[in-house]
Amino acid sequence: MDISPSEAEENLAAIQAVMQKTRHSIASSGTTVTLIVTGIVWLVGFVSTQFLPGEIIGYVWTGLSIFGTILGTIWGFRMGRRVRNPAVAATAKRAGLYWLFLVFFCTVTIAVAWPLDGKQVTVLIVLFAMIGHLAMGLLLSFAAVWWPLPITALVLISYFLLPDLFYLWMGILGGGGMIALGLYIRLRW
Amino acid sequence: MANLNETIHQPVRLRIMAALVALEAGNEVDFSYLRDLLEVTDGNLGAHLRKLEDAGYIAVNKTFVDRKPRTFVAATVAGRRVFQEHVAALKSILKGK
């Protein structure tokens with residue numbers, strides 16, 4: 001079977017276009033949604049924590065947690081309807097159980113280490129959450145492995161080097177960074 | 001001389017394979033998602049999927065989700081391999097320009 005170089009070039013361009021469209025379509029509802037939703041929650045939550053009085057912050061975080069859970073569930077459901085992995089589906093219950101255990105261990109760690117200030121509690125929760133995301137990435141979708149690492153680095157830098165600006169740093173650089181990264185993957189990848 | 005795969009070379013089948021190979025190994029896509037992505041009709045997509053399935057390049061998984069019949073499609077290991085070989089053949093033709 002023989003074809004001309006120009007026909008080969010057209011075929012390669014068509015392949016490239018479809019692969020890019022597929023990746024873009026999947027990325028727009030997978031990792032990017034997690035990044036954008038978590039970024040919004042962090043941005044609003046941590047900036048509020050830096051500037052608002054303590055009694056209001058609890059309500060802000062509660063509202064943000066509900067918002068994040070609902071949005072994440074809706075998008076996760078939409079994503080699951082289009083692309084799925086039978087092996088992942090089979091381990092979904094175990095993954096859910098893993099997250100429950102992680103929450104338990106995080107709570108126990110905080111209880112054992114108590115008394116802690118707000119920043120220490122925040123760092124511990126974020127570190128446990130990043131361990132969870134890292135483990136899920138390694139087990140279920142290797143493409144999602146890398147992003148918890150820079151976020152963890154960002155959290156540790158702000159905790160140790162910029163304690164006075166901790167919440168502001170977490171909100172703007174952590175939350176804003178996740179939103180920017182999510183948008184970049186969605187629009188450019 | 002490069003060997004092009006005649007089954008994959010057909011334009012719609014080439015695009016189907018490109019979409020499926022772009023997924024992570026082990027992932028499968030919904031039939032309607034693939035139809036919308038490639039902008040083809042149900043009948044056209046179904047016919048080409050059958051040819052690729054007969055060749056062993058894709059796996060078609062018919063199942064029920066929420067009591068509704070759903071069809072999921074994935075590239076097989078052999079399908080991924082022949083697709084990569086086909087792409088390599090296209091590139092070698094281009095280099096010999």
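**Exercise 1.** Find which residues of α5(A) meet which residues of α6(A), and work out how the two helices are oriented.

*Step 1.* On the α5(A) side, pick out K119(A), V123(A), V126(A), L127(A), M130(A), H133(A) and L134(A); their partners in α6(A) are P148(A), I151(A), T152(A), V155(A) and Y159(A). Contact here means C-beta atoms, placed from the backbone, within 7 Å.

*Step 2.* Sorted by class, this contact has nine nonpolar, two polar and one charged residues. Ala, Val, Leu, Ile, Met, Phe, Trp, Tyr, Cys and Pro count as nonpolar, Asp, Glu, Lys and Arg as charged, and the others, Gly among them, as polar.

*Step 3.* Helix α5 (residues 118–139) and helix α6 (residues 148–161) of chain A pack at about 165 degrees, their axes 10 Å apart. The pair α5(A) and α6(A) is therefore roughly antiparallel (angles over 145 degrees).

This is a predicted model, where local features need pLDDT of at least 70 and side-chain atom pairs count only at pLDDT 80 or more, while totals for chains, interfaces and linings use all residues. Residues are numbered from 1 along each chain as its sequence is written, with chains lettered from A and ligands numbered from 1 in the order in which they are written.

**Exercise 2.** Find what A18(B) touches in chain A.

*Step 1.* Leaving aside residues up to four places away in sequence, A18(B) touches I15(A), V18(A) and M19(A).

Key. Axes fitted to C-alpha atoms, helices over the stretch in contact; angles between N-to-C directions. Helix = DSSP H or I, 4+ residues; strand = E, 2+ residues; numbered from the N terminus. Parallel < 35°, antiparallel > 145°, perpendicular 65-115°, else oblique.
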